[in-house]
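Student: Hi! I have a new structure to look through today. Could you walk me through it?
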Amino acid sequence: MADKNKILAQNKKAHHDYFVLETFETGIELFGTEVKSIRQGKLNLKDSYVVVRDGEVFIKNMHVSPYEKGNIFNKDPLRDRKLLMHKKEIRRLIGEVQRQSYTIVPLSVYLKGSLVKVSICLAKGKKLYDKRDDAAQKDANRSIDRAVKAKQYE
């Protein structure tokens with residue numbers, strides 16, 4: 001992402017639990033108090049997921065804490081929020097999810113200029129042995145980096 005984008009929340013478990021195949025940038029439909037709360041960084045993507053319903057894309061279980069000065073204008077923190085995408089992209093996502101049994105996962109929420117954007121991805125679930133392979137690969141890379149660093153300082 002460019003340097004003008006300020007990341008507000010990330011789904012760190014997404015890369016652990018899924019193979020990320022393709023990412024999309026989407027807008028999100030929010031109310032004013034939700035935007036203020038998100039700008040303060042009071043949101044959580046843990047356990048959130050994306051569904052396609054009636055040709056529209058929604059993010060479920062994204063927790064946006066109520067804005068403390070919002071009183072009666074605050075909405076339900078866990079309500080479904082509509083994601084804004086082109087019809088062509090939505091149709092493509094529907095096809096991939098139905099045909100290949102992929103899933104759609106939110107990766108991050110960030111500010112692009114003054115707009116709140118959500119990065120979602122088309123993903124395939126990892127099996128336990130895939131997660132073990134990734135952990136082994138990460139350990140191997142870490143030990144190689146340590147050895148190179150130690151060799152560098154000798």
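This is a predicted model: local features need pLDDT of at least 70, side-chain atom pairs count only at pLDDT 80 or more; totals for chains, interfaces and linings use all residues.

Student: How many bridges join strand 4 to strand 5?
Tutor: There are 5 bridges between strand 4, residues 49-53, and strand 5, and the two run antiparallel. As an example, Val50 has Ile59 in strand 5 as its bridge partner.

Student: Which residue in strand 7 does Phe58 stand opposite?
Tutor: Phe58 stands opposite Lys82 in strand 7. Strand 7 covers residues 81-84 and is joined to strand 5 by 3 bridges, with the strands running antiparallel.

Student: Let's switch to helix 3. How far apart are its end C-alpha atoms?
Tutor: They are 20 Å apart. Helix 3 has 14 residues, 87-100, and at 1.5 Å a residue it should span 20 Å, which agrees.

Student: Which residues of helix 3 are buried?
Tutor: Ile90, Leu93, Gly95 and Glu96 are buried there.

Student: What do those buried residues pack against?
Tutor: The buried residues of helix 3 pack against strand 2, strand 4, strand 5, strand 8 and strand 9. Just after the helix comes Ser101, which takes a positive phi of about 55°.

Student: You mentioned strand 2. How many bridges join it to strand 9?
Tutor: Strand 2 and strand 9 are joined by 9 bridges and run antiparallel. Strand 2 also pairs with strand 7 in the antiparallel sense, over 2 bridges.

Student: I was looking at Thr26. Is it buried or exposed?
Tutor: Thr26 counts as buried, because its relative accessibility is 0%. The residue sits in strand 2, and Thr26 stands opposite Val118 in strand 9.

Student: What is Thr26 in contact with, leaving aside its neighbours within four places in sequence?
Tutor: Thr26 is in contact with Leu83, Leu84, Met85, Lys117, Val118 and Ile120.

Student: New topic! How much space lies in the largest pocket?
Tutor: The largest pocket holds about 190 Å³ of space. It is lined by 13 residues, and Asn11, Asp17, Tyr18, Asp47 and Ser48 lie nearest its centre.

Student: How do the lining residues divide by type, and where does the largest share come from?
Tutor: By type, the lining has 6 nonpolar, 3 polar and 4 charged residues. The largest share, 3 residues, comes from strand 8. Helix 1, residues 14-17, also supplies at least two of the lining residues.

Student: Last one: where does Gly125 lie, and what is it in contact with?
Tutor: Gly125 lies in strand 9. Leaving aside its neighbours within four places in sequence, Gly125 is in contact with Asp17, Tyr18 and Phe19. Gly125 counts as partly exposed because its relative accessibility is 37%.

Student: How many residues apart along the chain are Gly125 and His15?
Tutor: They are 110 residues apart along the chain, while their C-alpha atoms are separated by 9.8 Å.

Note on methods
Residues are numbered from 1 along each chain as its sequence is written. Side-chain values use heavy atoms; hydrogens and water are left out. Two strands pair if DSSP finds at least two bridges between them. Helices (H or I, at least four residues) and strands (E, at least two) are DSSP runs, numbered from the N terminus. The expected span of a helix is 1.5 Å times one less than its number of residues. Buried means under 20% relative accessible area, exposed over 50%, partly exposed in between (1.4 Å probe, protein chains only). Contact means heavy atoms within 4.5 Å. On a 1 Å grid over the protein atoms alone, a cavity is a set of points where a 1.4 Å probe fits but cannot get out, and a pocket is an open set with protein on both sides within 12 Å along at least five of seven lines; lining residues have an atom within 4 Å of a point. Grid points are joined across faces, edges and corners, and a volume is the space filled by probe spheres set on the points. Ala, Val, Leu, Ile, Met, Phe, Trp, Tyr, Cys and Pro count as nonpolar, Asp, Glu, Lys and Arg as charged, and the others, Gly among them, as polar.
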